[in-house]
Amino acid sequence: MQQVSEMDYLRMTGWQKFSYRFVMFFKRFPLLFVNFFKVTLPRFFIKIGLTFKEMGLTIGRAMKYGDWKTRTSFLVFGFSQLMRKQWLRGVMMLVFELMFILYMALFGGQYLGLLGTLGTVETATVEDEYGFGKKIVGDNSLLILLYGLLTILFIIIFVYFWYKNIKASYAAQELVEARQHLTTAKQDMASLLDDQYHKTLLGIPLAGLTIFTIIPIIFMIFVAFTNYDANHLPPEKLFTWIGWDNFSKVFGGEMAKASKFGYTFAALLLWTVIWAFFATFSNYILGMIVAIIINKKGIKLKKLWRTVLVMTIAVPQFVSLLLMSQMLARDGVFNNLLMNWGLINDRIKFLTDPTIAKITIIVVNIWIGIPYTMLISTGILMNIPEDLYESARIDGAGPVKAFFKITLPYMLHVTAPYLITQFIGNLNNFNVIFLLTGGNPTSTDLESPAGQTDLLITWLYKMVMQESAYGMASVISILMFIITAVISLIVYNKSGSVKNEEEFM
Amino acid sequence: MAKKLRSKKAVERGTNIAIYVILALISIIWLFPFFYLVIQSLRGETGTATPYFWPKEWTFNNYIKLFTDKSIFNFPKWYLTTLIISIFVTVIQTIFVLVTSYALSRMRFKMRKPLMNLMLVLGMFPGFMSMTAVYFLLKLLGLTQDMGLVGLVLVYVASSCMGYYVSKGFFDTIPKSLDEAARIDGASRHTVFIKIILPLAKPIIIYTILTAFMAPWGEYMFASLMAFGKQDYYNVAVGLKDMLDKEVADIYFTRFCAGSVIVSIPITALFFWLQKYYVEGVTGGSVKG
């Protein structure tokens, strides 16, 4: 489809407009990817290159023009500062260097050497001279990998501080040569509460983020390239590097034929996307409709209706989900009531028939999710100018038409970010699936712990908790990350284009 | 003319009645499970369900047993664990979130944009997968087993600064001229944050506290992984789910209901008390993103 002029676009009917925009949106895709590799990525690397060049130049300058105090700082952190009476800075840098050396000597160094093999000595039981079994503790691949990575990270940080130390030393020298005053410890402290306040604020949160999120994620990425599974469980057994083998189990090659991983992944991915789509939009549309009818003029007890709905937010989710799973069971209360009233003859397999279970999950999710959308849209709906509806009524539009022509476009325009986060959240919605069906029913077509209603995230959970298949689980999580990232990239881009369009109305 | 008006009124009344019927139906659907929960918690007969709706025998035994019969399922301990975790998580997470969003909203520094992008990307990893690494890191720090509570709190709050979006959106709406005026008068950034921004941010502080406090009560995934099957470290969600295991569900279902009621009451009460702030928070967050 060709790009059409604005006049032609305005002449189109609603459906044509929609399909036109739909096609144009997907036509932009290839361009998006090309742009990413042609512009964004090179720019990123150029930026990194420039940073390194800048660092090199600074170090070179300090080497060439630095006095003996600055040059000693190359080896002894903070020496220059100490000599120039910046006690606080100097002492802190020196302490940092000493701590690093101590760490490497006592702890980190040994793991670095073993990182290449992840350990060679297996834990074994040997009989001593009296015939008793004696355990000889060997290498622990897991700890070697984890602590090895930790050590590499520390080395990177160390190098960075080394550079900072040289830069600061030389800067101090230049200041002294220009006969200006160096900042005192007191001034340094004060600036941490003012110009440098972000360092004070972000220091601890970012340290937490690094230790408990970034390092574990890097660790996880490396585990994807090892054979860490139930047969290679530390501390008894060793695991080692196996390259791309885990990935080829999913993506074809000889190994894929022997296992059902590829099929399972595709099947669960499809269901995950379908689920996320329906879960997001059913809640969105229905929640909005509920908000509209509660908002309608002449309806009394508005507060009561809202409070009733909000119960599902207020009661912890695990309670309502676990309860629901019991109520929907084969001899649960729903089936009992329906039987007693004579509405059904056979018990409905709410949670054990694959198709019905999927529908049940989406319906229960509607029960849980509508109140959120209702709360959000209530406020926004009141902002839609009343005269819009008034003029629509005069033009003869009924409430349904008014909803699709006025309410929905307005809401979509305003709440696009909410929809995106909801969609991504639903892709990884662990609670609803796990607590309701546990991923069941199982099927022989799927790789063992996976069930037919499993999302990728619950499959992952079962792989780790039931089968200890850490290597494969890591592969799946890397793939999940790529999928989530691509989807969010696309929709953020889309919502960006929404924002750039002229404001609604 | 008059006839037409009257018919319009009749139509209006008809729609309203239809709406009342729909709303009544919705209310029944929404309240029925909770109503059922309370009834079942008072049921004297065992079993996961009864073929009849109203229990034949009413009793408070389920509640009493929950607190006295601790041999297999130690509910009071789980409750206490969850409460302690919640309180610590609330305090630390609120500070982390407010501090991060203030820095990202008000300060301009070199790493600001890269940092925001990094947090966006990190949020897309399935966080649960890295939990094994976290467990061994905690072990390295000596924060498992007896110190397991500390470890769990750390895990919950460690990446909480990534949830800065809503409060940053709120801080962005506070006019910058307020800061500037104070800084011209000689106030430092720190003073501005404590004395000017925080008092204005009361709704968002309460929203953060409320969501932070509620989260650990329903959290299952991390709690079960960190507990590694040890009952002592269970939170209420993991513990109560264990009561519904196929082998024991027949005996413990009614007790599960009682436990659920006890967990739900304080959370629900707190929520309804602070509901106004919650609505403000989600509405603001959903619009500004």
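Before we start, residues count from 1 along each chain as its sequence is written, and chains are lettered from A, with ligands numbered from 1, in the order in which they are written. As the model is predicted, local features need pLDDT of at least 70 and side-chain atom pairs count only at pLDDT 80 or more, while totals for chains, interfaces and linings use all residues.

Okay, confidence. Chain A has a mean pLDDT of 83, pLDDT being the predictor's confidence in each residue, from 0 to 100. In chain A, helix H11 (residues 261-295) comes out highest at 90, and helix H10 (residues 254-258) lowest at a mean of 59. Helices here are DSSP runs of H or I, at least four residues, numbered from the N terminus.

Now, where do the chains meet? 76 residues of chain A are in contact with 68 residues of chain B; contact means C-beta atoms, placed from the backbone, within 7 Å. H8(A) gives the most to chain A's side, with 16 residues.

That brings me to helix H6 (residues 148-158) of chain B. 8 of its 11 residues are buried, so H6(B) is largely enclosed by the rest of the structure. Buried means 20 or more other C-beta atoms within 10 Å of the residue's own, again placed from the backbone; exposed is 12 or fewer, partly exposed in between. Among the buried ones are B:Leu152, B:Tyr156 and B:Ala158. What do they pack against? Helix H8 (197-223) of chain A, plus H3 (75-106), H5 (131-140), H10 (202-218) and H11 (221-227) of chain B.

Conventions: Helix = DSSP H or I, 4+ residues; strand = E, 2+ residues; numbered from the N terminus. Contact = placed C-beta atoms within 7 Å.
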